[in-house]
Every structure is written in structure tokens, then in C-alpha cells.
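Reader: I'd like to go through this one with you and ask what stands behind each label. Could you show it first?

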Number of protein chains: 4
Amino acid sequence: MRKIGFLGLGIMGRGMAANLVRAGYQVTVWNRTPRACDPLVELGARRAGSIQEAVRASEVTIAMLADPAASRDVALGPDGVVACLQPGQAYVDMSTVDPDTARTIADAVNRVGGRFLEAPVSGSRKPAEEGTLVILAAGDTELYREMQPVFEVLGKKNLHFGEVGQAAAVKLIVNMTMGGMMGLLAEALALGQNCGIDGQALLEVLDSGAVANPMFRLKGPRILVDQHDPHFPLKHMQKDLRLAVGLGDERQQTLPTVACVNETFKRALAAGLGDCDFAAVARVLQAREGGGP
Amino acid sequence: MRKIGFLGLGIMGRGMAANLVRAGYQVTVWNRTPRACDPLVELGARRAGSIQEAVRASEVTIAMLADPAASRDVALGPDGVVACLQPGQAYVDMSTVDPDTARTIADAVNRVGGRFLEAPVSGSRKPAEEGTLVILAAGDTELYREMQPVFEVLGKKNLHFGEVGQAAAVKLIVNMTMGGMMGLLAEALALGQNCGIDGQALLEVLDSGAVANPMFRLKGPRILVDQHDPHFPLKHMQKDLRLAVGLGDERQQTLPTVACVNETFKRALAAGLGDCDFAAVARVLQAREGGGP
Amino acid sequence: MRKIGFLGLGIMGRGMAANLVRAGYQVTVWNRTPRACDPLVELGARRAGSIQEAVRASEVTIAMLADPAASRDVALGPDGVVACLQPGQAYVDMSTVDPDTARTIADAVNRVGGRFLEAPVSGSRKPAEEGTLVILAAGDTELYREMQPVFEVLGKKNLHFGEVGQAAAVKLIVNMTMGGMMGLLAEALALGQNCGIDGQALLEVLDSGAVANPMFRLKGPRILVDQHDPHFPLKHMQKDLRLAVGLGDERQQTLPTVACVNETFKRALAAGLGDCDFAAVARVLQAREGGGP
Amino acid sequence: MRKIGFLGLGIMGRGMAANLVRAGYQVTVWNRTPRACDPLVELGARRAGSIQEAVRASEVTIAMLADPAASRDVALGPDGVVACLQPGQAYVDMSTVDPDTARTIADAVNRVGGRFLEAPVSGSRKPAEEGTLVILAAGDTELYREMQPVFEVLGKKNLHFGEVGQAAAVKLIVNMTMGGMMGLLAEALALGQNCGIDGQALLEVLDSGAVANPMFRLKGPRILVDQHDPHFPLKHMQKDLRLAVGLGDERQQTLPTVACVNETFKRALAAGLGDCDFAAVARVLQAREGGGP
């Protein structure tokens, strides 16, 4: 597996593709907006004029796309991956999608004799650039084994979770936990502020004990100054919470806390905070809404 | 401040008092059950036959008691601290109590001319023994300054939070965050199990990213094997969640997530899990309750 | 509009079709299981061997089907309504479906030149038989006007709510309110029982004041004796709660209470109570789950 | 029991006392602000200059006070009821208080040999004036029997619930149900509005089925026009929700829905709506909070 097609050069994909080029793979890149290919080509990648050109030039094609809709288009569209995949050829979708989308794409790939792995990642821009992602794989176990050298370039850790759809489920579970912890942090800081407690000292205490975690450390100070440049947009977190609640519905698994947090994020969305960082949810918890008879 | 009275030699107090003896302080210990004094006396502490004997022998008296009721008794009872405190003498209550109890004791101490500091801690048995507690102080700032050498023996960090009652509030905020994160962990593992996902792999993913924290690392594996020897009993966590919700009520601070988690812990309490570790809350989320028409 | 096709003779449809026959309409009935037509034919209805036979014999075709899937099949299937509808011919779907399904069917009907009304009902078997349903209509306003005589036979009241999809939304809103009130009743009775309060006396008080309502009156006593023959199965109520939460997600409308109740109903579903009456949700709130270390 | 002392002539008390005068009882009235006695005296009541004057003039003394604090003051204060109650004399507290307050007063009355009944009511100003309250009694059963003629003047129905404290519990259960239903109504109307559904038509549907109730009928239209003159102030409802959640904590009874609604009412309180009618909670659910990065 030395020849790799790489579809999607957004915030995540560009760092990942660059790491593969640097590791000596022959990478053929494609992006809907072709300009995004330029820096990769400079680095040594080959440019593909179409999805299918990238697929044909490669043993395995990796996709890293924005959302389930883009994932479906690129895989299943008339000029998409499945339409030109040869029997035995491999397709690895590393985009974050819901279990249903993952299964739909897997079925289509398998129907033409292709091999499929879903492999969403935990981690954002920086780990993508530094090759320290955590890769959550599911599907074809032989392909998973063959992908090990590639995954080792892209991430610091990779795990296999069984059938296609289960990696997507793990991703949702991780993100619902993150969203829930953000809701708790926001309530903690709001109550502290309300009691006249110094926010930085409170964060220091939270960071000294059993609940200390990188997210509190990173986002806590930003909540205190109410600055929310989007690293992970609130609207995406709300979408993941919604999908997690939906997965719970499907599996008859009660998720009272997550469902409750989802409703708080919906308030933030309705308040126009969807494009802020998801830490902006803190704003609706601190709000003194200013009413009166 | 070389002469210290120490009241309460439970799981926490005995380690703390021992550290003070070892650090060269002249420590006079008292405990409701006198036998608990023996190991301290062997170590070099003096034994007091009554609370007041300990107070009279000391420049500052520290209390580390089980709950608000014990704190009130020891401070305010007919044979208690306040009844014999001399003007200018210092009393430091390091027990975990609610803000009201802290303020009541502070008022009584001040009324007789004494000086008071509340100083609950974050951390359990091990940090108490190792002198690595986080000390949350509030009240008399001069006394706080004088206590620095003592606090440095007992903890790795100490902070001052303003008026008496605010350290108690910080303690509740930390614990409600911990309880909420436990609720989320339990929901995450239950949903994972329900989706056929390997629990240990899921914990590994949670431990690889922004939400990684010591509590998930410690308690996650115990949830998977459903073993819940009490380190922090569930009934105490539920009590702290209840007090936190109550504090929110008092301050008109909405705490939707914490209130929701409290109700889940109440289910666990009603299920007879109060004396288990608080991680046992996971059991009521996984439960298939087995009904039928 | 004297000639009516009637598709679907389940618990609801059979009573409605019978009322139309008795009111003098020429009704042509179809049901997936043909035997269900017999009592209607005895009453004077004509029997159709296929959906399309019913449609062709009628000026307007009414459908009353079990769920969105059945609604789609009957309307959009290869032998379904749309495949044989003539321009100007009318189709009225009175099944309970989600807004999306209603819109999909409306689009298909309009595309072949047909006219469409969605008209789900509030009320169950008895009001269907007695012609006292509340009909929630949306879509083609002229058709709505023409349907007035028919709706007056079927219901005691009918309202028009704007575009197709909005009647489905109203139905969900009514049902989420009902589900929420059931959750509250269950919590009220559980707390009462827990305090040693006589359940029937408590119900009498609830029935004497501002919150008195037919549902509490009907279901309260059944909760006390824990008997839950299904009038409205719990699994259907949970489905409606899920759809309502989903509608809130779509509209960015926070619904904290409804989302919370949905999670309680999911517990009941996981406990195997899906086929009981939705009042059986009370069982998971009373439950002493019987745990231990 | 022809001679009745009546303490407290607020919105509720004045109507109740007037009904007793009109029914021919010899009523001696007292109110903290003496002027409130004037209309009653005109009607034929005697005026007492102090609580104890009213108690001494009567076989039974009834209190109808604003809150637990007033109840405690009037019963237990140095010039209060208990300080002058003769053995065998009766005291009936009809104020709305928490179970603890009721039990504290009962104990004090019993200690001096008096007889005690708690008897909070369901119903507001109008039923008080019209003698159609629902009276929730608990305590001394013989006194309850003797009070029947009096209760029949004051209310349309009265029930006995066992030991002192249980009537207070019933009152909380009724009010938490009412608060919860208000939360649901608010969510229903907010979602409806959000979907472009006519509010009055939606209320009409809610009023046509199994969930129809006087509160929706009364408060629904006021939510639509956002007018909230206080009949039952929001801050009192939030207090009752808090007490109900607390009762659930005490009894280890999970109340997820009520706890969730309490948090929504706390948002309304923080928004400055405490003195509005409790229906004003709708405002925080409709709110588009207007944020942005």
C-alpha cells in the first residue's frame, strides 16, 4: 500500500495528507476546490482532476470530508468512488458520519467487490498536523491490518471496533461525553461566579484533582473571558449530541444527562451561538435574561 | 503557631495529624473514640481527654470531622470549642460542610473573640497521608497567612476564596462536577455496551483525548467489572449533589445537568447502592429492569 | 363528494368507515387483510380488491393506516394511490405520521395533479366509533372546505393548520404534552406512595382543582392497581416523544421537560413495557430496583 | 365549636373568615396590619388586638398565613398561639407550609396539651371567597371530625391524610404537578409558535381531548398575549418545586421531570419574572436570546 488517494483537504485532511507525503507515500490528492491541492503538490503530492482519477491512481483511497452529506456524495455520486472502484480495491472513510451513513457506504463498496473501512478520528487540527490523532476503525479486519503503517503515520493510536457503524458510534459517545462535560463546566463556572468565587481559582482547583482534564484547562479560561473563536463549532457539537440521543433511542438506552445537555445546547443555538466554539454554551447558563412583568 | 490541637482522627484526620507530628509540630489530638489516638501518640502526639483540653493546649485548633452535624457538635456543643476559646485564639475547620454550617460556626467563634477559617479539602485518604491535599480556605485572611506553613505540610496547594461559606461552595462545585462526570461516564459505557462496543477500548479512547481525566481512568475499569468498594460512598455524592442543587436554588442559578444527575443518583440510592462507591450509579443506567404487562 | 374510498380498517378506520356508510356515503373499502372488510360490506360498503380499485371508484380517497411506513407504502407503492390518481382527484391521509412523511406524500400527489390533505386525528377507538374525533387538517384549503360534511360525520371538531406537515406537528405537540403529563402523574403518585399517602385520595385532590383532566381520571386508578392493558401502547408514545424532540431539534426549540420525559419512557421500553399502556411508565418510577454492593 | 379565632386576613383569609361570619359563627379576627380587620368587623366579626386575645375568645383558632416563617411566628412566637393555648384547646393551621414546619408546630401545640390539625387548601382567591376550596387535612382525627361543619362552610371537599406533615406533602405534590404541567404547556406553545402554528387553534385542540384541564384553559391564552398579572406568583411556584424536589430527596424518590421543570423556573426567576404569574415561565422557553460571537 504505497499509493494512496486522498480526498478532502480541509482543516483536517491537509495535515493528514501532508504527513503521508512526508512519510514517503505516493499520494494523489483531490479537493472539491482545486486550489487547496497546491500546498500538497508543492510538498510532492500528485494532483487529481477528479475523484476517479485519484482512485484509479491508488491502491487505497482515503476520504476526510466535512459531514455525512459530503461523504455520501463523494462515495456514491455518479462521478464518485464506488462508480469506478475495482474488485479488491480499498476505500477508507475517515470522515465523522453517523452509523447509518457508514453502513450505506460500506454496502455500496462491498456490492462492487471493494473493501471498506470506516475510520473516524478523535482529535482536531493540531493532532492532525502532528500525526497524533486517535483513529477509531471498524469494518474489514484484513484491510485494517494492511492500513497499520498508514495509521501509524496519521495517529498516535488506533483501535478496531467491530462492524462498520461501531466506530461512528464510538465517535458519538466520545463527543457526547465531551459535550456533557462542557455543560458541567459551564454550570460550575456560572454557579461559582454567582457565589462571588474567583473563576481562575476555581479552575485551578478543578485542575488539581480527579476531574482534571485537558478540555477544562483549555476552555475554562476562555469561558471566563467569554471569547469563543470556533475550534469545534457549537452547532457541530449540538448535532453530535442530537445523533447520540438518537442512537440511544434506537438502542433503547436511556441517556438522561446527555438528553438534558442537548437541550441546553439547543438554547445556545437558538441564541445565535452556533458558529462560536462549543464552549459558548456557557453564555446561556450565566445569562440573566432581563425580564419583568 | 507551633502548638496545634487536632480534633477528629478518621480516615482523613489521622493522616493529616501524623504529617503535622512528623513535621515537628506539637500536636494534641482528640477523637470521640479515644482508641484512635493511640497510633498518633506512639508517633509523638499528646493525647487530650476532651475537646477543651486540646483547645487549651494549642495556639490553633484544627478539626477534621465526618459531616456538618459532627462539625456543629464539636464547635458549638456544651463541651465544645467555642465554649472555651480565648479571645484571639484560632479555630480552623477542615471538615466538608455546607455554607450555612460554616457561617454558623464562624459567627459563634467570632462572638467570643476567636478567629476562624474554614478550610475543606479536595482529595481523599491517599493525598491526606501523602500531604498532597488541595486546601480550599475562606475567612480570616490574617489567620490564613499564619496557617501557610501548616497548610504546606498538609497539602500541595492551598487557595483562599473570600468570606466564610465560599470554600464550602467551591467544595460543592467540585463535587457536583465530579458527580456529573460520573453520570456521563456511566451513560457512555452503557451506550457503548448496548452497541456491542468493547468497554476497555472505549475507555482507552476516552483516555486519549481532551476529556482524559484521572477519575475516568480509575473508575471506568471498575464499572466494567461492576465492582464498587466504597472510596467515596454513593450516598455522600448524592448528598453533595443535593446540596449543590440547593445552593443553585438559593443563588437563582439554573443547573439543569446537575439537577438531572442528582435524580439518577437518587435512583441508585433507592436501589440500595448508597454504601457502594459512587461509580455504582452506572448500575441503574445499564439496568434492563425486566418488566412485562 | 358522495363516493369515498376508504383504505385501512384497523381499530380506528373501521369505526370511521362505518360512520360514513351510515351517513349515506357510497364507501368503497380496502384493507391489506381482506377479511376486515366483511363487517363493513354487511353494513352496505363496497369491497375493493386493490387500492387502485378503491381509488378509481371514488371522488376522494381517505387513508387511515398504522404508521408512516404503511402510509408511504399505500400512497407511493407500485400499486398505490399516486400511481393511479387522476388530475384533480383528492387524497386525504388521516394516519398519524411525521411532518416529513406528510410532505413527501403531498409532493407525490401534487406531481400527478392530485389534491392532498393531511388530517390526523386526536382521539382513539371510542371517539372514532362515536364520530367525536378532533380532526387536525393541513394542506389544500379548497379540498378542506369540500371535506367539511365528511369531517362532520367523523368528528366533533376540525381545524385547519396551514401547510402540509403542520397538522402532523400539532399531533406531535398534543402527544408530547400527554406523555409529559403522564410522566408527572407517575412521579406524583410515586412520591405520594413513598410518603404513605393514600393514592385514591391523592387522585381525588388532583381531580378537584386546576389540573383536573380526563387522562389523570382514567389512568390514575390503573396506575394504582398496576394494570396496563394497552389503549395507547407505551412504545408508540415513546416514538411520538422521540419525534417531538426531533422536531424541536429541527426548529432549534429547546424542550427540556419533554426530552427528560422521553428518557424516562426509554427506561420503560428497555424494561420490556413497550406493549403495555403508556401509563405503565409509572412502574419504572416506583421501582425499588434491589441492588447492593 | 361555635367560637372561632381567625388569624390572617390576606387574599385567602379574608374570604374564608367572611364565609364563617355569614354562616353564623362567632368569629374573632386578628391580622398583623389591623386595618385588614375592618371589613370583617363591619360584617359582624369581633376584632382582637392581639393573637392571644383571639385565641382566648375561641374554642378553635384557625390560621391562614403567607408562608412557613409567618406560620412559625404566629404559632411559636413569645406572644403567639402556643404561649396561651389551654389544654384541650384546638389550633388549625390552614397555611401552606412544608412538612417540617407543620410537624414543629404540632409538637409545640401537643406539648402544652393543645390539639392540632394541619389543613392547607387547594384553590386560590376565588374558591376562598366562594367556599369551594379543597381542604387537605392531617393530624388529630377527632378534631378533624369536629371541624367538619366548619370545613363544609369553607370548602367543597375535605380529605384527611394521616399524620401531620402528610397534608403538606399532598399540597406540594399537587403544586409540583401544576408547575410541571405549566412547563409542558409552555414548551408546547413555544414549539407550536416555532412551527408557525396558530396558538389559539393549538389551545383549542389541547382543550378537546384527554389532557383538557382548567389551567391550560385559563393560562394558555395569557401566554399567547404574554400577560402575566400574578394570580400565583412564579417565585412561589419555584419555591414549591424546590420543596417538592427536596421532599423527593428526603424520601429517596427520583423525580426527574419535576427536577427538570424546577431548573426552568429558576431561569425564569433569574430573568426577573418572580413576581409575575407562574405562567410567565413561558417567556424563557420562547426566548431567542440574541447572542453572537
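Reader: Which helix of chain B is the place of Leu185(B)?

Author: Leu185(B) sits in helix H9 of chain B, residues 166–194. Helices here are DSSP runs of H or I with at least four residues, strands are runs of E with at least two, and both are numbered from the N terminus. Before we go on: this is a predicted model, where local features need pLDDT of at least 70 and side-chain atom pairs count only at pLDDT 80 or more, while totals for chains, interfaces and linings use all residues. Residues are numbered from 1 along each chain as its sequence is written, and chains are lettered from A and ligands numbered from 1 in the order in which they are written.

Reader: What makes Leu185(B) count as buried or exposed?

Author: A residue is buried if 20 or more other C-beta atoms lie within 10 Å of its own, exposed if 12 or fewer, and partly exposed in between, with C-beta atoms placed from the backbone. Leu185(B) has 26 C-beta neighbours inside 10 Å, so Leu185(B) is buried.

Reader: Which residues is Leu185(B) in contact with, leaving aside its neighbours within four places in sequence?

Author: Those are Phe216(B), Lys219(B) and Gly220(B). Contact means that the C-beta atoms of two residues, placed from the backbone, lie within 7 Å. Leu185(B) and Phe216(B) are 31 residues apart in sequence, yet their C-alpha atoms are 7.1 Å apart.

Reader: Why does Asp226(B) count as exposed?

Author: Asp226(B) has 12 C-beta neighbours inside 10 Å, so Asp226(B) counts as exposed. Asp226(B) lies in the loop between helix H11 (214–224) and helix H12 (234–250) of chain B. Its phi is near 55 degrees, a positive value in a residue other than glycine.

Reader: And what makes Asp226(D) exposed?

Author: Asp226(D) counts as exposed because it has 12 C-beta neighbours inside 10 Å. Asp226(D) is in the loop between H11 and H12 of chain D, and its phi is near 55 degrees.

Reader: What makes up the side of chain D that touches chain B?

Author: In this contact, 15 residues of chain D meet 15 residues of chain B. Helices H12 (234–250) and H13 (256–270) of chain D each give two or more residues to that side, and H13(D) gives the most, with 9. By class there are 6 nonpolar, 4 polar and 5 charged residues. Ala, Val, Leu, Ile, Met, Phe, Trp, Tyr, Cys and Pro count as nonpolar, Asp, Glu, Lys and Arg as charged, and the others, Gly among them, as polar.

Reader: How many residues does the contact take from chain A and from chain B?

Author: 56 from chain A and 56 from chain B. H9(A) gives the most to the side of chain A, with 18 residues, and that side has 33 nonpolar, 18 polar and 5 charged residues. Chain A superposes on chain B by a rotation of 180 degrees with 0.0 Å of shift along the axis, at an RMSD of 0.1 Å. Of the residues of chain A, Asn213(A) comes closest to that axis, with its C-alpha at 2.4 Å.

Reader: What makes both faces of strand E5 of chain A count as covered?

Author: Ala90(A) and Val92(A) on one side and Tyr91(A) and Asp93(A) on the other are all buried. Strand E4 (residues 60–63) of chain A runs parallel to E5(A), joined by 4 bridges; strands pair if DSSP finds at least two bridges between them. Thr61(A) has Tyr91(A) as its bridge partner.

Notes
Least-squares fit on C-alpha atoms with pLDDT ≥ 70 in both.
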